[in-house]
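Colleague: I would like to learn how to read a few local features from a model. Could we take them one at a time?

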Amino acid sequence: MAAYSLSAPEVCGKVEALSEALAAVVGSKKDDRGEKAQALADVVKAYGGSGIAAFASSTKLMEGMMTVLEGSDKKKSSEREGVVAAVSAILKTCGAPVEPFLVKFMPALLVLLADKSGKALQTAAEEALTALVGELSSQAKKMYALPACVDKLGSDQKFQTQAGALALLLKIANEAPEEIGSCMPELVPAVSALLCDAKAVVAENAQKAIEAACASIDNTDIQPLVPSLISALKNPTEVEDCIFKLAATTFVQEIEANALAITVPLLKRGFQTRKTPVVRMCARIIENMAKLVERPRDVKPFMPTLMPALERATEEV
């Protein structure tokens, strides 16, 4: 496909047409919002590749949509609903070619899950997010959707946003298990921090998400212990018993990053107990597992956690 330049008259004309169609959606009322959104999507599709290029390359157009989505004025909630409707319509009508551009709106859509203006906008954002993530390829889920979701799990986010992000992580884990496995070092700490959240929906979604993510672990030595490992992350009183279970395991399979991702947080807590038998057990587990790590990149993300703990144990035990 030939490259398109926004300086070319034909593309500039298309940007203008797209801007007008978008303005109609933003200014629409509830009764005709769907019709206006579909009209915008039809314009994008009718122009084919050049329409998609114009849509994606127009800084003014993309930034305009983002500005509306990121607004917080309750009086302008209808404008946000309009842009959400536009995103959904363009995705449904144009499909894969527009996904790399629409995925940029994911962070803003996740925040809208907690929008104070009403349930209608929250529901529209949820539907748009679910459709968008569902359409992405497995690799795109890993590269774009997963980081966007993990970024919205922090304590600075409202619980609706956290719950929605966790629900999408569950969807990603079920639809792209191989890709989720390689992201476990970043995923497990963020999700496990919400296992005991005060909001039941957040804690429940965190439980489901981490269980689905751990299904990617194909190490038969670790897999039987996964329920205990997750439970220990949720219940600190179970840490010591779980460490002893792990210590009693004979490791024979290669240890990869996804297996380390669920065991290292437990070992960290074991070292923090400062109990000599537990600390020694943790060190022995690390030694046994390290012998079966074949690729340095699998253990690299955990070195900042493990090395200081081992060095401190060497001095104190």
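**Reading a loop, a helix and the cysteines**

Modeller: Start with Thr 249, which sits in the loop between α15 (239-247) and α16 (257-272). Keep in mind that this is a predicted model.

Colleague: Is Thr 249 buried or exposed?

Modeller: Buried means under 20% relative accessible area. Thr 249 has 17%, so it counts as buried.

Colleague: Which residues does Thr 249 touch, leaving out those up to four places away in sequence?

Modeller: Asp 221 and Leu 225.

Colleague: Next, helix α10. What span should its 17 residues have?

Modeller: The expected span is 1.5 Å times one less than the number of residues. For α10 (residues 159-175) that gives 24 Å, and the end C-alpha atoms are 24 Å apart, which agrees.

Colleague: Which residues of α10 are buried, and what do the buried residues pack against?

Modeller: Among the buried ones are Thr 161, Gln 162, Leu 166, Leu 169 and Ile 172. The buried residues of α10 pack against several helices, including α7 (106-112), α8 (119-135), α9 (138-151) and α13 (200-214).

Colleague: How many disulfides does the structure hold?

Modeller: A disulfide needs two cysteine sulfur atoms within 2.5 Å. The structure holds 0. Cys 242 is in none, as the nearest cysteine sulfur, that of Cys 282, is 10 Å away. Cys 282 is likewise in no disulfide, its nearest cysteine sulfur being that of Cys 242.

Colleague: Are Cys 242 and Cys 282 buried or exposed?

Modeller: Cys 242 is buried, at 5% relative accessible area. Cys 282 is buried at 0%.

Terms used: Residues are numbered from 1 along each chain as its sequence is written. This is a predicted model: local features need pLDDT of at least 70, side-chain atom pairs count only at pLDDT 80 or more; totals for chains, interfaces and linings use all residues. Side-chain values use heavy atoms; hydrogens and water are left out. Helices (H or I, at least four residues) and strands (E, at least two) are DSSP runs, numbered from the N terminus. Buried means under 20% relative accessible area, exposed over 50%, partly exposed in between (1.4 Å probe, protein chains only). Contact means heavy atoms within 4.5 Å.
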